Amino acid sequence: MGSCLGSSGKADLPHDQREGGMQIAGSVAVITGAARGLGRGFAEVLLARGAKVCVADIDKEAGSATVEELQAKYNPDNVIFVDCDVTNDESFKGVWEAAVERLGPVSLLINNAGIGNEQNWQKTIDVNLGGCMRGTLLGLEKMGVNKSGAGGVVVNISSITGLKAAPLGPIYASTKHAIVGLTRSLGSEFHLKYSGVKVQALCPSLVKTDLLTNSAKTAFSPEVAAAMANLAASIKDMSTETVAEALVKLLEEGRNGACLVVAAGVEPFYVDAPIPS
């Protein structure tokens, strides 16, 4: 793998061509929050396309069970579990090191871990934004061609609430807005030309996962909790598989700094920043 800049000053990217998308087959991915829900869906879709996957999660029991099931379906050598606390630098670094040692050089990081606790705003910020920030910076450090890496891709899992107002989840939405800002800012030509690392965001609408159920238990207020109960009953059904397929689209189309929205009943679509940089 090349790790130097060409004469044009642009990064040489074997896995992620600057003008194209990522080659998923043969890549090695680290996915946080992958024991269940969307994270597990991302792991499945990547394994099915020939990638190797490190399932990282703070829930050791659920993570181990998930990997055991995935190993039975795919090559056992292609998927591992490593426990991870995304709020801890050393824990995150340990996941990366384990993935490299057991699977090979990492070329894709998916920052998926997240919570929706409106009553503990500090924890929600630490996990959602802090986890993405910590992971993105680690990805740049490990994959950047300016750091002797070979380039790669970081995908931050934001939300449609990161692109619009969300009265029922103001703390959660704030973290997701910040993730969009982080992605667009680091996913710029300026950073790509020296790091060789693309930074992208996937912005799903509501999916009926454990995150939604748990969020209702820690709602912003009793009034919000009541409104969320009504909302849950009216949500259009969107499967984790639908979101996972949108991830593939994002990776294969390879738009640096892009925010791809995936919602029930419509084709995934990109949303550009309202004011160009």
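Strand 1 (28-32) and strand 2 (52-57) run side by side in the parallel sense, joined over five bridges. Two strands are said to pair if DSSP finds at least two bridges between them. Strands here are DSSP runs of type E with at least two residues, while helices are H or I runs of at least four residues, and both are numbered from the N terminus. Strands of a sheet pair through backbone hydrogen bonds, either parallel or antiparallel.

All of this comes from a predicted model, where local features need pLDDT of at least 70 and side-chain atom pairs count only at pLDDT 80 or more, though totals for chains, interfaces and linings use all residues. Residues are numbered from 1 along each chain as its sequence is written, and side-chain values use heavy atoms, leaving out hydrogens and water.

Back to strand 1. Together with helix 1 (residues 37-48) and strand 2, strand 1 makes a right-handed β-α-β unit; right-handed means that, with the strands pointing away from the viewer, the path from the first strand over the helix to the second runs clockwise. Strand 1 also pairs with strand 4 in the parallel sense, over three bridges, and there Ile 31 has Ile 110 as its bridge partner.

How many residues of strand 1 are buried? Five of its five are, where buried means under 20% relative accessible area, exposed means over 50%, and partly exposed is in between (1.4 Å probe, protein chains only). Val 28, Val 30 and Thr 32 point one way, while Ala 29 and Ile 31 point the other way. In a regular strand the side chains alternate between the two faces of the sheet.

Eight strands form an open sheet in the order 3-2-1-4-5-6-7-8, with mixed pairing. Strand 3 (79-83) and strand 8 (269-270) are at the edges with a single partner strand each, so one side of each has no neighbour in the sheet. Helix 2 (residues 60-73) packs on the sheet and touches strand 2 and strand 3; contact means heavy atoms within 4.5 Å. Helix 3 (residues 89-103) lies across strand 1, strand 2, strand 3 and strand 4.

The angles, from 0 to 180 degrees, are between N-to-C directions, with axes fitted to C-alpha atoms, for helices over the stretch in contact.

| Helix | Angle to strand 3 |
|---|---|
| Helix 2 (residues 60-73) | about 175 degrees |
| Helix 3 (residues 89-103) | about 160 degrees |

Between helix 3 and strand 4 there's a loop, and Gly 104 is found in it. Is Gly 104 buried or exposed? With a relative accessible area of 14%, Gly 104 is buried. Not counting residues up to four places away in sequence, Gly 104 touches Val 28 and Ala 99.

What about aromatic rings? There is one aromatic pair, and Phe 190 and Tyr 194 form it edge-to-face, 5.9 Å centre to centre with 80 degrees between the planes. Rings of Phe, Tyr and Trp (its six-membered ring) pair if their centres lie within 6.5 Å; planes under 30 degrees apart are stacked, over 60 edge-to-face, and the rest tilted. Phe 190 and Tyr 194 are four residues apart in helix 6 (residues 189-195), so about one helical turn separates them. Phe 190 is exposed at 53% relative accessibility, whereas Tyr 194 is partly exposed at 32%.
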